[in-house]
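Let's take a walk through this model together, starting with how its chains meet and then looking inside one of them.

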There are 2 protein chains.
Amino acid sequence: MTETAQFLTAAADLLGPKGLTTDPAEMAPWLTDWRGRFTGRALALASPADTAEVAALVKLCAAHGVPIVPQGGNSGMSGGATPDEVGNAVVLSLRRMAAIRKVDVQTRTATCEAGVILQVLHEAAEREGMRFPLSLGGKGSATVGGLISTNAGGTQVLRHGSMRALVLGLEAVLADGSVFNQLVPLKKDNRGFDLKQLLIGSEGTIGIVTAATLKLEPAVAARAVLWAGVDSLETARALLLHAEGVAGGALEGFEVMPRHSLQAVLSHLPDARAPLQGDHAWHVLIELVADAAGAEALPAMAEALLVSAFEQGLVEDATIAASEAQAEAFWLLRESIAPAERALGPAVQHDISVAVEKMPEFVAHAVPTIEAAFPGTTAVGFGHLGDGNIHFHVLAPAATADGPAWQAGEGKTISRMVHDLVTDWGGSISAEHGIGQLKRDELARLGDPVAMGMLRAVKQALDPQGLLNPGKLV
Amino acid sequence: MTETAQFLTAAADLLGPKGLTTDPAEMAPWLTDWRGRFTGRALALASPADTAEVAALVKLCAAHGVPIVPQGGNSGMSGGATPDEVGNAVVLSLRRMAAIRKVDVQTRTATCEAGVILQVLHEAAEREGMRFPLSLGGKGSATVGGLISTNAGGTQVLRHGSMRALVLGLEAVLADGSVFNQLVPLKKDNRGFDLKQLLIGSEGTIGIVTAATLKLEPAVAARAVLWAGVDSLETARALLLHAEGVAGGALEGFEVMPRHSLQAVLSHLPDARAPLQGDHAWHVLIELVADAAGAEALPAMAEALLVSAFEQGLVEDATIAASEAQAEAFWLLRESIAPAERALGPAVQHDISVAVEKMPEFVAHAVPTIEAAFPGTTAVGFGHLGDGNIHFHVLAPAATADGPAWQAGEGKTISRMVHDLVTDWGGSISAEHGIGQLKRDELARLGDPVAMGMLRAVKQALDPQGLLNPGKLV
């Protein structure tokens, strides 16, 4: 028997028929990322039932030198959960580990396994009058383990932080198969380096998240969703500061989009209507929320925000959603930007951040710079202004016939220039989507050499065989 | 010339007369920690003027194999900044690097060097109508670099988190003399492991903090300080949950002390008065604060909290400080517990945490357990109930003649038992004071072997020569 066959036999014995497959048809959906950008091969798809099985499998892989590609919902943006072409790795799916062990209202925590799908967690929290304050487009497939491993963001980071801020306790299997267990949350613990935070956002390269204790918040009892037209991103930023002053902790979301994005959405969604009559260079979506105690005061707060914003000349026009249905319609416009922009033709996308206060200036500089350097392209930035994070899309010239060829050619050159610009401005080439395999070369090219040296040293120290998610991140 | 002499000559050339001394008298104050528990020796005291000098000195130390003990205000609780007896190390003081580079009201940040004293930072923020929301007893000596390196806590962690939550950007010199620079704060950055958080709380064992960008909050415009007498720690915890419900984000502090501690303070401070007439098993100090926008509503909120707490039978008696002077007097009682307990005689102290909701049960179990095991001792827990963190003091029997001998003998046995108990309860033997040299052996004895393995691997990877603060933490 070859070593590979020996490994597969041992893994099959360990995990049983439900836990291991080498059937190409069963494996196929998990060997390509959801956007179809990356495809790889694998020895097998392993689906352990619990942490002990994960640990035993990782030990087995370590003994046989088999690489491991951890995978949650397979809905990441950077190919971080897709194996490479070599085909010598095991895809380790956490999806079978989908138990919510506990939702505790008093301590405002949920303890759940890595394979719990975000939407399922949302619903479990809601049943107890609570909420988990992180959401994103892929909530129907994204898993808790994947969200933690990629330090996922979304539209509520402004108030609640990214995943990193919501993980109170963590369990993970390390490269040697040992189990790191800090599931019991301690508010204060100064016993050395913050290993929990080290594991969060490490994209499965130094450990495999198996369970977590997550922070919950009281359910939202009322929300007010505002839509404003403003003359510039600079004004949008002033409106953000104003909204923070008026609404304080009630300010839950602050999203921006340029005229171009709104028009793309209106073309893309036949039933959609523009929230405002007139034409505006930039549009702002603001969400205020309150729990039961603050619900009564919320409409007056939203009204006061609107009136004072008009008085101070911050908005050209603005409105408050008159119903929950209209609030949903406003959010649908925001959430449809990415597909609407995609429908316009081939493009290259960038998930970037700079210091919040520099973002207006950055966009004002980057858009004309890119469009001048690559005639015919259209550059569009939209998203999370409150976090200094925008999604910066550059559309191919209208006449582009072969989209994939353009993306692989000029598109790649454009991406390098965008990343150069962001780096010059002290920003990040990955604000919330992670590095995965998509941006690994760009990180190696542009990352601060000192930080890269630390990354590599820590990776080498915690995964000396290099078996955890090879080819990703570092 | 010996290698040591060569090193000292090169260091003197590098740092100049202001930057290096080997004079025993000049060095003496910095070779013993402020409580006089640890004393060491050193080759020299280095006081670089800027980050470049720190980096050059660390490079020089690496070349000559000279250990480095970074030091801020020398007011730590665990001997983390005191050199060992060997005398081959350089004490690297950051105190000369005391510039506050910028206080930015719009972005609510302060950028300052490592040697800035906490109180100086407080005052600089106040001059701009802002505040830095972390404070502790040693604020007149503790430096920003030391606070970051130890992930300091204090009485405002409940609302604002410990130092870890307040560091937005960081600069540090690594073991090879390279400079890690993430001073520009990015709200979102997913370029790999969170190296900034890895450095925070690492006690100078993998890097030397040289500067930071810190989070500011709007100045406090009003505060309400309440004092309540309750029948048990369990009830105090119920009162905490109630206060969180009523006051939400206005709840800034929630401190508890048993009857014993209050009596100790009243004996210790001749002018102090008990806030309440009657006798209560436990006392609670609650602080609510508001910025300008919420100042007007604060008195009514405090009143409502008090009335509803009475109605629900949570408090036996309670009062609101009628003036700022009375508020200060309430806080003085809390801040005097440690010296007052010390004045009662020899004791051993423990800075411990368990999950917040388990703390009442833990104290109810630990106090009689310790007092039964060590007849004549008195066990007292007080402090940050809202963080699940208490300071657990065990006083020697009244007849104890030789305090230091008792501390080194029975005291040590007691500490081991307290740490065993905390570990059994899933808690931490160091909630906020760090490990340093004080608890290094206990961490090695009780730390989870998997976590300890990670700590050692990361330390080895980032400081392969073992020159950064040897003998501390790991």
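What follows is a short report on the contact between the chains and on a pair of domains.

This is a predicted model, in which local features need pLDDT of at least 70 and side-chain atom pairs count only at pLDDT 80 or more, while totals for chains, interfaces and linings use all residues. Residues are numbered from 1 along each chain as its sequence is written, chains are lettered from A and ligands numbered from 1 in the order in which they are written, and side-chain values use heavy atoms, with hydrogens and water left out.

**How the chains are related**

**The contact between chain B and chain A**

Chain B gives 64 residues to the contact and chain A gives 64 residues, where contact means heavy atoms within 4.5 Å. The size of an interface is often given as the accessible area lost when the parts come together. Here chain B and chain A bury about 5,300 Å² between them, with 65% of it on carbon and sulfur atoms (buried area is the accessible area, taken with a 1.4 Å probe, that two parts lose on being put together, summed over both). On the chain B side, Lys188(B), Asn190(B) and Phe193(B) lose the most area to chain A, together 19% of what that side buries.

The rule finds 32 residue pairs in polar contact across this interface, both residues being at pLDDT 80 or more. A polar contact is a pair of N or O atoms within 3.5 Å; within protein, one must be able to donate a hydrogen and the other to accept it, and residues adjacent in sequence count only if both atoms are side-chain atoms. H17(B) supplies the largest share of the side of chain B that touches chain A, 9 residues. By class, that side has 30 nonpolar, 22 polar and 12 charged residues (Ala, Val, Leu, Ile, Met, Phe, Trp, Tyr, Cys and Pro count as nonpolar, Asp, Glu, Lys and Arg as charged, and the others, Gly among them, as polar).

**Salt bridges**

The structure holds 32 salt bridges over all chains, and the count between chain B and chain A is 6. A salt bridge is a side-chain nitrogen of Lys or Arg within 4 Å of a carboxyl oxygen of Asp or Glu. Two of those between the chains are listed here.

| Glu432(B) | Lys188(A) | 2.8 Å |

**Inside chain A**

The domain assignment, automatic or from a database, gives chain A domain 1 (3-93), domain 2 (100-218), domain 3 (222-338) and domain 4 (345-443). The C-alpha centres of domain 2 and domain 4 of chain A lie 30 Å apart. In chain A, 8 residues of domain 2 are in contact with 7 residues of domain 4. These two domains of chain A bury about 510 Å² between them, 43% of it on carbon and sulfur atoms. Gly154(A), Leu158(A) and Glu203(A) lose the most area on the domain 2 side, together 62% of what that side buries. Between domain 2 and domain 4 of chain A there are 0 salt bridges and 4 residue pairs in polar contact, both residues at pLDDT 80 or more.

Methods:
Helices (H or I, at least four residues) and strands (E, at least two) are DSSP runs, numbered from the N terminus.
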